[in-house]
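I opened the model and kept notes as I went. The entries are in the order of the look-ups.

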Amino acid sequence: MKPPAYAEPLDTVNPPVNQGRRSLFRRLAQGTDPSAPHKAPWHRVLEVAAGEGDVLWSGWATAHEAFVVGDEGRVLHFDGSADAQDSLWQTMPSSTRLPLHAIWGRSRNELHAVGWMGTVVSFDGEQWHHRRGGIIDEASQHYASCVENSPLFDITGDETGRAWAVGDDGAIVYFDGHTWQNQPSPTRINLRGIARAPGGRLFAVGGEGTVITSAGDGHWEALDCPIGAGFHAVVALSDDELLMAGGRYFIDASGFRGELVRWRDGCFTAVEVDKAMPRLRSLRAYKNGVLIAGDQGHLYYLEGNRLDQLRTDSRHDLMDIVPLPTGEALTVGDFSTILTAAPDFVKALAPDEADLVKKSDWDILDSGTKHNLWGLRAAADGSVYACGDGGTVLHYCDQRWQALPVINEAAVHCLWDAGDAGLYAGGQMGQIFCYDGNAWRVAFDLHLDITILDMWGSGPDSIYAVGDEGLVLHWNGEKWNRMISGTKSALYSIWGYDDRHILAVGDFGLVLRWNGENWSEFYAGTENFLFDVWGDALNNIFIVGLSGTLVHFDGERWTLTPTRARDDLMAVDGMPGGHPYAVGTQGNILHFDGLQWQPEESPTSIGLRAICVCPDGAVYAAGNQGIILKRHSSSNKDQK
């Protein structure tokens, strides 16, 4: 047998010829839906029962119902349930005339709103009750100068019903489920935003770059932020990543200038943007990224390093973002502004009853991260690994996901478990890392800005990796070598039966076949981008790709499978002797029953990028915003 066809020495390899290709896979994964968050225009929700001059500060929503709070103690209530007499906004008595700045709750029977002069009012499902603040000095008949009257601006809570609110002079107010009480604060700076991370840690932000944190035990400590922005809002993307927004007055701009700051792994960095933004007021996780609201009707969508300004046709200041049950959102602001991108606000708030009763065989697991996840890999010991943006690698064992040490800030796209030889991870900047159970080490560095997208191996001494610009690498047990692929097109996935039968798929219907000596093209009958390949035999191979592409090889020829899916299919996997699953954008899940592909009811509309069928039959899917699903039931159709 001839020796494998390896490329010239790595230090003489030419740089990539197409600098834009490395971001193509991410763009394709977002799809081309005109309602996508980068493109969808925002429009006004009509028939809002509020005065034209009122400021609406915040809101809270659940299925069929929304509450919005604002000036003059105003509480607007929308009831979209089927038995409601009028699906209109109605004003509710709130027991206060003071402005209400924020609202939070576990359910509509347990809501808390906080506001000016330390006001706290609570809703028990029937009416609002005054709980705290707004104390009047009997002698002067004015509001008393006391700690309890410190204005409050934001609130968050946990699944047990505990809540924390923050405000002026570093005020922190805690609700233990029964009473409200002040907690010691490490700052006297005005606090404007508070968020709770997936792991339970609290973060509050305010003026002059103030960031404080607590484990929820009543002890708060300050983080050293070198950026002196006036923070108005914070969102916890994971336990070790925050995004903060606000602004400062700049003399050269003759006004406020918006600022975004990221905190990741203990480091603060300013998010660079192409153009000046006004003061930013609110942040919320939205779709695959973060929605950002600010003054003068400015609304932005941040995904990764891409920031898009969204069309609102409004010049009114936007104060807060209200997530809706379907994944859409409202933005609220001054002049009684309520905006949404949802074509039908009522449907976005109250899904069809038929949708509510649909049962899914898939459960959503708590991954502990909001990072987009790119890959899944079953381990030899029966556990599962996931990887994604921000150097994220997760390990599922003992019925929970645990984070491994972060590799670096670059995205990890693929993993390969080599048993005792370690866990390999590939990603951006042409680097492959190996985890020995304690720490990551660099196993290979291409020294080029090329992304490694997938790996497959026949054993610990034979591992292959593919990626951008036609990259193919091979580990022979001693070193990584670059192979001659014969293409400059991106290769998104690799699968092998053994070291003489390997396929790699990529751009414009590209399929490469390795025969043990060289790579050659293997036309599959489509020009669509192909994102993943899997098979359990040389006469039973599946490929998925753009716009619902499904291709099957029976040992003699490729056959395109007609599907009703128009969304992109990003991944396919199965187990020997079983029938594969495919997943894609909009949360699509397909299962092959031996004759045709059948759609499965998905519990999410979030894009799915990876699928993993384990030797024990367990099936996992992962994708954007840290979503991880596990199939909780099986049937005879899962087996041949």
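The entries below go from the whole chain to single residues.

**Ground rules**

I am working on a predicted model, where local features need pLDDT of at least 70, side-chain atom pairs count only at pLDDT 80 or more, and totals for chains, interfaces and linings use all residues. Residues are numbered from 1 along each chain as its sequence is written, and side-chain values use heavy atoms, with hydrogens and water left out.

**Overall count**

I counted 3 helices and 56 strands in the protein. Both are DSSP runs numbered from the N terminus: helices are H or I with at least four residues, strands are E with at least two. Next I looked up burial. Of the 640 residues, 58% are buried. Buried is under 20% relative accessible area, exposed is over 50%, and partly exposed is in between, with a 1.4 Å probe and protein chains only. Then I took contacts, meaning heavy atoms within 4.5 Å. Among contacts with a separation of 6 or more, 45% are between residues 24 or more positions apart.

**Sheet β2 to β5**

I traced an open sheet of 4 strands, ordered β2-β3-β4-β5, with antiparallel pairing. Two strands pair if DSSP finds at least two bridges between them. The edges are β2 (56–62) and β5 (89–92), each pairing on one side only. From one strand to the next the twist averages 25 degrees. The axes behind that angle are lines fitted to C-alpha atoms, for helices over the stretch in contact, and angles run from 0 to 180 degrees between N-to-C directions.

I then checked the pairs. β2 and β3 (residues 65–70) are antiparallel over 6 bridges, and L56 has G70 in β3 as its bridge partner. Their hairpin has 2 residues between the strands, and H64 takes a positive phi near 80 degrees there. At the other end, 4 bridges join β4 (residues 75–79) to β5. H77 sits opposite Q90 in β5.

**S58 in β2**

How many residues of β2 are buried? I got 5 of the 7, so β2 is largely enclosed by the rest of the structure. I picked S58 from this strand. S58 counts as buried because its relative accessibility is 1%. Its side chain makes a polar contact of 2.6 Å with the side chain of D320. A polar contact is a pair of N or O atoms within 3.5 Å; within protein, one must be able to donate a hydrogen and the other to accept it, and residues adjacent in sequence count only if both atoms are side-chain atoms. Leaving out residues up to four places away in sequence, S58 touches F67, V68, V69, H101, A102, I103, D320, V322 and V332.

**β28 and its partners**

V332 turned up again here: it stands opposite I338 in β28. β27 (residues 329–333) and β28 (residues 337–340) pair in the antiparallel sense over 4 bridges. Their hairpin has 3 residues between the strands, with F335 at a positive phi near 55 degrees. β1 (residues 43–44) also pairs with β28, antiparallel over 2 bridges, and R44 stands opposite L339. Which residues cover the two faces of β28? T337 and L339 lie on one side, I338 and T340 on the other, and all are buried.

**Loop residues**

Most residues other than glycine have a negative phi. I looked for exceptions in loops. D265 has a positive phi of about 50 degrees and lies between β20 (255–264) and β21 (267–270). D265 is partly exposed, at 38% relative accessibility. F508 also has a positive phi of about 50 degrees, in the loop between β43 (501–506) and β44 (511–514). F508 is exposed, at 51%.

I also noted P93, in the loop between β5 and β6 (100–107). P93 is exposed, with a relative accessible area of 70%. Its C-alpha is 9.5 Å from that of H129, 36 residues apart along the chain.

**Cavity search**

I searched the whole structure and found 1 cavity of 30 Å³ or more. On a 1 Å grid over the protein atoms alone, a cavity is a set of points where a 1.4 Å probe fits but cannot get out, and lining residues have an atom within 4 Å of a point. Grid points are joined across faces, edges and corners, and a volume is the space filled by probe spheres set on the points. The largest cavity has a volume of about 60 Å³. Its lining includes I407, N408, V412 and F433. β35 (423–427) and β36 (431–435) each supply at least two lining residues. β35 gives the most, with 3 residues.

Terms used
On a 1 Å grid over the protein atoms alone, a cavity is a set of points where a 1.4 Å probe fits but cannot get out, and a pocket is an open set with protein on both sides within 12 Å along at least five of seven lines; lining residues have an atom within 4 Å of a point.
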